[in-house]
Amino acid sequence: GQGRAHAGRGRHVTTWRELLVLPGRGVIIDTPGMRELQLWADEEALGDSFSDINALADNCRFRDCKHQREPGCAVRKAVEEGTLEAARLESYLRQQAELLYLDRRKDQHAKKIEQDKWKAIHKGFKTFNKIDPKRKWEKGP
């Protein structure tokens, strides 16, 4: 759409949803208001989508091979020999990195929820003590 001069950005003009199939492999989703599309999967789903890379990874020298610079990497060797497309490995590594990022974000969110819960509990104790500061806590049996 026509840009806004003061913001230096264009205006969102999509008014309907559309799925465009690209020649070869892939699709583009044009949806009004969608800013971001994230993976909704885990490491196992990634392994299912990239079973060829997982099969090659079984032959890597190190069990925790990241397929980037480690010596004895069977996946990198397959790329060098031309039996695996470099773009496929790059896609795998990008999706793996995104899953790790989402896991870290999820953990930080869970940590924040736990902190907020305990903060509310302690605040409740302080409020209770302000109501009756001379009250003694009874010991259990």
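Let's start with glutamine 96. Is this residue buried or exposed? Glutamine 96 is buried, because its relative accessible area is 16%, and the cut-off for buried is under 20%. Where does glutamine 96 sit? It is found in helix α4. Which residues does it touch, once we set aside neighbours within four places in sequence? Glutamine 96 is in contact with Glu43 and Leu46. Keep in mind that this is a predicted model.

Now the whole protein. It has 4 helices and 2 strands. Along the sequence, the pattern reads β-β-α-α-α-α. There are 141 residues, and 16% of them count as buried. The protein exposes about 12600 Å². Carbon and sulfur atoms supply 53% of that area. Then contacts. Take those between residues at least 6 apart in sequence. Of these, 34% join residues at least 24 apart.

How confident is the predictor? The mean pLDDT of the protein is 80. A value of 70 or more is reached by 75% of the residues. Which element has the lowest mean, and which the highest? The lowest is α1, with 77. The highest is helix α3, residues 74-81, with 95.

Stay with α3. Four of its residues are buried: Ala74, Val75, Ala78 and Val79. Why do they share a side of α3? They cover an arc of only 145° around the axis, so they end up on the same side of the helix. Turn to the other side of α3, and you find Glu80 and Glu81 exposed. After α3 comes glycine 82. Its phi is positive, near 90°.

Next, the strands. Glutamate 18 lies in strand β1. This residue counts as partly exposed, because its relative accessibility is 33%. Look at glutamate 18 and isoleucine 28 together. In sequence they are 10 residues apart. In space, C-alpha to C-alpha, they are 8.2 Å apart. Again leave out neighbours within four places in sequence. Glutamate 18 is then in contact with Ile28, Ile29 and Asp30.

Which residues form the nonpolar patch? They are Leu19, Val21, Val27, Ile29 and Met34. Together they have about 490 Å² of accessible area. β1, residues 18-21, and β2, residues 27-30, each supply at least two residues of the patch. Methionine 34 lies elsewhere, in the loop between β2 and α1, residues 43-49. Its relative accessibility is 42%, so methionine 34 counts as partly exposed.

Last topic: charges. Side chains of opposite charge can pair when their charged atoms come close. How many salt bridges does the structure hold? It holds 3.

Here is one. The side chains of arginine 88 and aspartate 52 meet in a salt bridge, 2.9 Å from N to O. This pair links distant parts of the chain. Arginine 88 is in helix α4, residues 86-131, while aspartate 52 is in helix α2, residues 51-57. They are 36 residues apart. Arginine 88 counts as partly exposed, because its relative accessibility is 25%. Aspartate 52 counts as partly exposed too, at 30% relative accessibility.

Another salt bridge joins aspartate 116 and lysine 112. Their closest N and O atoms are 3.0 Å apart. Why are these residues about one helical turn apart? They are 4 residues apart in helix α4, so about one turn separates them. Aspartate 116 is partly exposed, with a relative accessible area of 37%. Lysine 112 is at 44% relative accessibility, so this residue counts as partly exposed.

The remaining pair is glutamate 114 and lysine 117. Their side chains meet in a salt bridge, 3.4 Å from N to O. Both residues lie in helix α4, 3 residues apart, about one turn of the helix. Glutamate 114 has 38% relative accessibility, so glutamate 114 counts as partly exposed. Lysine 117 counts as partly exposed at 41%.

Then find the salt bridge from arginine 88 to aspartate 52, which links α4 with α2. Finish at the nonpolar patch, where β1 and β2 each supply at least two residues.

Terms used: Residues are numbered from 1 along each chain as its sequence is written. Side-chain values use heavy atoms; hydrogens and water are left out. Patches are made of residues with over 30% relative accessible area and no salt bridge: like charges are joined within 9 Å, nonpolar side chains (Val, Leu, Ile, Met, Phe, Trp, Tyr) within 5 Å. Accessible areas come from the Shrake-Rupley method with a 1.4 Å probe; for residues, only the protein chains shown count as cover. A salt bridge is a side-chain nitrogen of Lys or Arg within 4 Å of a carboxyl oxygen of Asp or Glu. Buried means under 20% relative accessible area, exposed over 50%, partly exposed in between (1.4 Å probe, protein chains only). pLDDT is the predictor's confidence in each residue, from 0 to 100. The arc is that of the directions from the helix axis to the C-beta atoms. Contact means heavy atoms within 4.5 Å.
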